[in-house]
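Hi,

Here is the structure I promised to pass on.

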Amino acid sequence: MSTGIRLTLASALVALPITASAQNWSDQPVDPANHDEAVAYEENGRYFNEEDVPTYNVAEDGTVDWLTFSGFRRYHAECHVCHGPDGEGSSYAPKVKNSAVHMGYYDFYDVVVNGRGNGNSVMPHFGDNPNVMCYLDDIYVYLKARGMDAIPRGRPGSKEAKSDAIQEDEDACMG
Amino acid sequence: MKKLMLLTSGLALCAGMAVANDDLVQQMDDPTQWAIQTGDYKNQRYSKLDSINKENVGDLQVAWTFSTGVLRGHEGSPLVVGDTMYVHTPFPNIVYALDLADEGKIKWKYEPKQDPDVIPVMCCDTVNRGVAYADGKIFLHQADTKVVALNAEDGSVEWEVVNGDPSIGETNTATVLPVKDKVIVGISGGEFGVRGHVTAYNISDGSQAWRAYSMGPDEDILVDPENTTHLGEPVGENSGTNTWEGDQWQIGGGTTWGWYSADLDENLMYYGTGNPSTWNPSQRPGDNRWSMTIMARDIDTGEAKWFYQMTPHDEWDYDGVNEMILTEQEIDGEERKLLTHFDRNGLAYTMDRVSGELLVAEKYDPVVNWTSGVDMDPESDTYGRPEVVAQYSTEQNGEDVNSTGICPAALGTKDQQPASYDPELELFLVPTNHVCMDYEPFRVSYTAGQPYVGATLSMYPAPDSHGGMGNFIAWDNINGEIKWSNPEQFSVWSGSLTTAGGITFYGTLEGYLKAVDTETGEELYKFRTPSGIIGNVMTYERDGKQHIAVLSGVGGWAGIGLAAGLTNPNDGLGAVGGYAALSDYTALGGQLTVFTLPD
């Protein structure tokens with residue numbers, strides 16, 4: 001899919017989920033065929049697609065990259081009390097595994113940092129929360145992998161080792 | 001010094017305000033009303049009304065319904081006092097006064113203005129467990145921690161006071177306890193590093209009478225080191241700080257969002273404290289007193305008479321906030337004043353509520369596995385402590401290790417959904433969860449007003465059982481035994497009601513109101529309401545006819561955790577996704593349904 005179409009689609013859906021989020025349990029389905037999240041290159045254990053956006057890497061045997069695994073952990077500490085297990089949504093907040101795909105990296109990032117609200121449906125801002133901000137790429141690629149159906153529900157079975165570079169970034173960020 | 005003066009003025013007011021208390025006691029004693037969320041000060045949720053009974057409950061019909069206008073988790077229940085029914089909603093916490101003498105016409109409506117920023121700091125949905133009545137006032141404790149006293153007749157604001165600070169994660173979901181001349185309130189925010197407290201305000205004008213923190217210096221937690229006891233021994237000095245490392249007690253959790261009970265003859269009120277913050281136990285060494293503790297405090301001064309810490313150094317998020325049900329029963333040939341508590345940790349405790357002596361501690365779901373049981377030997381060094389099974393210890397397994405197959409899950413074998421008691425049968429009727437978990441703690445840093453969790457967990461229905469996520473059980477608190485157990489597809493997240501008609505009512509997450517035979521558990525009636533039920537069933541009598549009422553509106557922890565269904569990663573690929581998704585059964589709602597028998 002071309003970047004142009006993707007952007008149009010993303011902006012249309014950024015507007016939509018605000019009203020949809022009040023309903024929750026709304027499905028916002030993702031058709032993986034319409035999204036290209038394939039790995040273009042790898043850098044010190046981090047994976048990126050053609051647009052230099054972080055993405056997941058799932059090997060033939062199901063082994064996931066470190067960030068996807070780490071995202072699973074951080075999501076289930078910081079996000080799941082509203083958005084439900086495995087990004088599946090809840091009676092309280094929308095199915096964020098699909099939002100991650102529809103919104104794209106930059107809008108997703110923006111909403112997590114700054115939050116947003118619509119009446120009684122409010123996404124908090126996490127911009128000053130190191131437990132979220134230091135792992136935002138992790139959470140994003142994990143949710144995208146879920147939304148694209150690249151990994152099943154539950155804890156990833158096996159994972160790549162954490163690279164030294166990722167460890168250094170984490171230490172620097174968490175202080 | 002200031003605190004001392006406050007205490008003294010509180011005492012002075014006491015004598016003059018005895019009338020207010022008498023009023024509520026009289027209202028509660030009248031079985032045609034439902035004057036307090038918990039049914040009575042004992043939290044028995046038992047009604048003497050018996051015109052709906054075993055023989056005729058099968059004929060029950062819907063009498064009328066009322067939409068609350070809010071689509072969120074509806075916990076708690078309406079009150080009925082005199083000719084008026086008071087109905088509350090989740091955020092934005094609307095209160096409706098419905099005129100039962102005029103076909104339920106809205107007499108008045110109160111809708112507070114609250115900053116929506118409070119919504120995302122409420123862990124697990126914007127629920128509210130209902131209003132309280134005393135002295136011609138309706139008490140609303142809003143999500144943003146403002147406590148408002150409304151004139152019960154016209155809904156005008158008589159006073160309001162702010163109990164906490166949402167910007168550091170302090171919020172409210174609980175009802176309040178009006179007792180004597182005070183209204184006693186709690187605080188939520190255990191997942192935000194809040195230091196829990198219970199606060200008494202004077203009913204007359206909203207001035208603060210006392211505040212008791214769950215941890216901290218002795219003057220903060222209102223103990224007398226010599227006379228406040230833990231299992232019969234004095235707690236000693238600095239008991240609220242000396243089981244914490246450094247100043248971690250300042251963000252120690254132990255929030256107080258459950259149900260409160262009171263014994264006027266002993267002049268004590270009872271409640272439990274929640275989990276210590278964070279969920280990563282390695283980050284907070286020590287017993288973390290007085291989180292996870294049953295507390296008995298003097299109503300007038302807040303001073304603690306006794307504590308019992310059920311889960312020292314919590315490793316699983318087993319908040320101790322569930323209700324304390326007060327009964328008078330014979331145990332070992334002696335009539336005693338008892339307190340029975342069904343804890344999140346899967347143990348049901350029976351205690352002497354005057355002395356704080358532990359009498360019974362037994363599992364009320366056989367799948368509970370994190371402990372092999374509580375040490376009941378008063379001579380033992382570990383008296384009163386649960387023995388932790390190493391395999392399920394998230395502390396012993398350590399940070400960044402996934403401990404699997406722990407039962408119960410963090411939801412607890414029971415959460416706040418209150419149980420009921422049948423004094424004739426001496427039987428407790430208990431809504432329960434039947435869910436287990438994997439739990440992996442890891443290091444987190446604290447930021448004020450931000451989640452302070454530090455663990456990842458996955459939940460799934462109890463393995464090798466009936467496949468459902470709940471049971472509705474009958475419990476014998478003297479022998480510590482399950483008498484009967486009805487499997488439920490989903491967790492039972494609705495407070496039960498037991499009546500002199502020999503029946504017990506509860507709601508289910510699919511939306512059914514069910515009536516069962518209290519003695520046998522046999523299902524006698526069910527009706528599908530518009531949305532999942534996490535509210536509590538209540539009853540009242542109007543024009544000589546008994547009514548049953550319940551709020552529908554799925555949500556809360558149950559709506560979040562179970563909406564998409566649960567999977568068990570240990571089951572292998574075939575079974576993943578095989579469990580029921582709540583979203584296949586119900587959608588959001590907000591409705592009161594009132595039942596009665598046909599003429």
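Leaving out neighbours within four places in sequence, Ala348(B) is in contact with Thr340(B), Phe342(B), Glu362(B), Tyr364(B), Trp475(B), Asn477(B) and Gly480(B); two residues are in contact if their C-beta atoms, placed from the backbone, lie within 7 Å. Ala348(B) belongs to strand β23 (residues 347-352) of chain B. Helices (H or I, at least four residues) and strands (E, at least two) are DSSP runs, numbered from the N terminus. Is Ala348(B) buried or exposed? Ala348(B) is buried, with 28 other C-beta atoms within 10 Å. For the cut-offs, buried takes 20 or more other C-beta atoms within 10 Å of the residue's own, exposed takes 12 or fewer, and partly exposed is in between, with C-beta atoms placed from the backbone. From Ala348(B) to Tyr460(B) it is 112 residues in sequence and 22 Å in space, C-alpha to C-alpha.

A word on what you are looking at: this is a predicted model, where local features need pLDDT of at least 70, side-chain atom pairs count only at pLDDT 80 or more, and totals for chains, interfaces and linings use all residues. Residues are numbered from 1 along each chain as its sequence is written, while chains are lettered from A and ligands numbered from 1 in the order in which they are written.

On confidence, the predictor gives the complex an ipTM of 0.82 and a pTM of 0.91. Chain B has a mean pLDDT of 93, and 94% of its residues reach 70 or more; pLDDT is the predictor's confidence in each residue, from 0 to 100. Residues 1-17 of chain B stay under 50, and the model has 21 contacts beyond four places in sequence for them. Residues 572-578 of chain B are also below 50, with nine contacts in the model beyond near neighbours in sequence.

Staying with chain B, there is an open sheet of four strands in the order β3-β4-β5-β6, with antiparallel pairing. Two strands pair if DSSP finds at least two bridges between them. The edges are β3 (79-81) and β6 of chain B, each pairing on one side only. On average, neighbouring strands of this sheet are turned by 25 degrees against each other, direction ignored. Strand β4 (residues 84-88) of chain B pairs with β5(B) in the antiparallel sense over five bridges, and Met85(B) sits opposite Leu98(B) in β5(B). Strand β5 (residues 95-99) of chain B is in turn joined by five bridges to strand β6 (residues 105-110) of chain B, again antiparallel, with Tyr96(B) opposite Lys109(B) in β6(B). β5(B) and β6(B) make a hairpin with five residues between them, and Glu103(B) in the turn has a positive phi of about 55 degrees.

Another open sheet in chain B has six strands in the order β16-β15-β20-β19-β18-β17, and its pairing is mixed. Its edge strands are β16 (233-234) and β17 (261-263) of chain B, each of which pairs on one side only. Strand β15 (residues 229-230) of chain B and β16(B) run antiparallel, joined by two bridges; Thr229(B) has Pro234(B) in β16(B) as its bridge partner.

Now chain A. It has seven helices and five strands, which run α-β-β-β-α-α-α-β-β-α-α-α from the N terminus on. Of its 175 residues, 47% count as buried. Helix α7 (residues 164-174) of chain A has one buried residue out of eleven, so it lies largely in the open. Gly175(A) follows α7(A) and has a positive phi, near 75 degrees.

How do α2 and α6 pack, and at what angle? Helix α2 (residues 66-78) of chain A and helix α6 (residues 136-147) of chain A meet at about 95 degrees, with their axes 7 Å apart. That makes α2(A) roughly perpendicular to α6(A), a label used for 65 to 115 degrees, with under 35 roughly parallel, over 145 roughly antiparallel and the rest oblique. Axes are lines fitted to C-alpha atoms, for helices over the stretch in contact, and angles run from 0 to 180 degrees between N-to-C directions. The residues of this contact divide into eight nonpolar, three polar and three charged. Here Ala, Val, Leu, Ile, Met, Phe, Trp, Tyr, Cys and Pro count as nonpolar, Asp, Glu, Lys and Arg as charged, and the others, Gly among them, as polar.

Finally, 29 residues of chain A are in contact with 39 residues of chain B. α2(A) gives the most to the side of chain A that touches chain B, with four residues.
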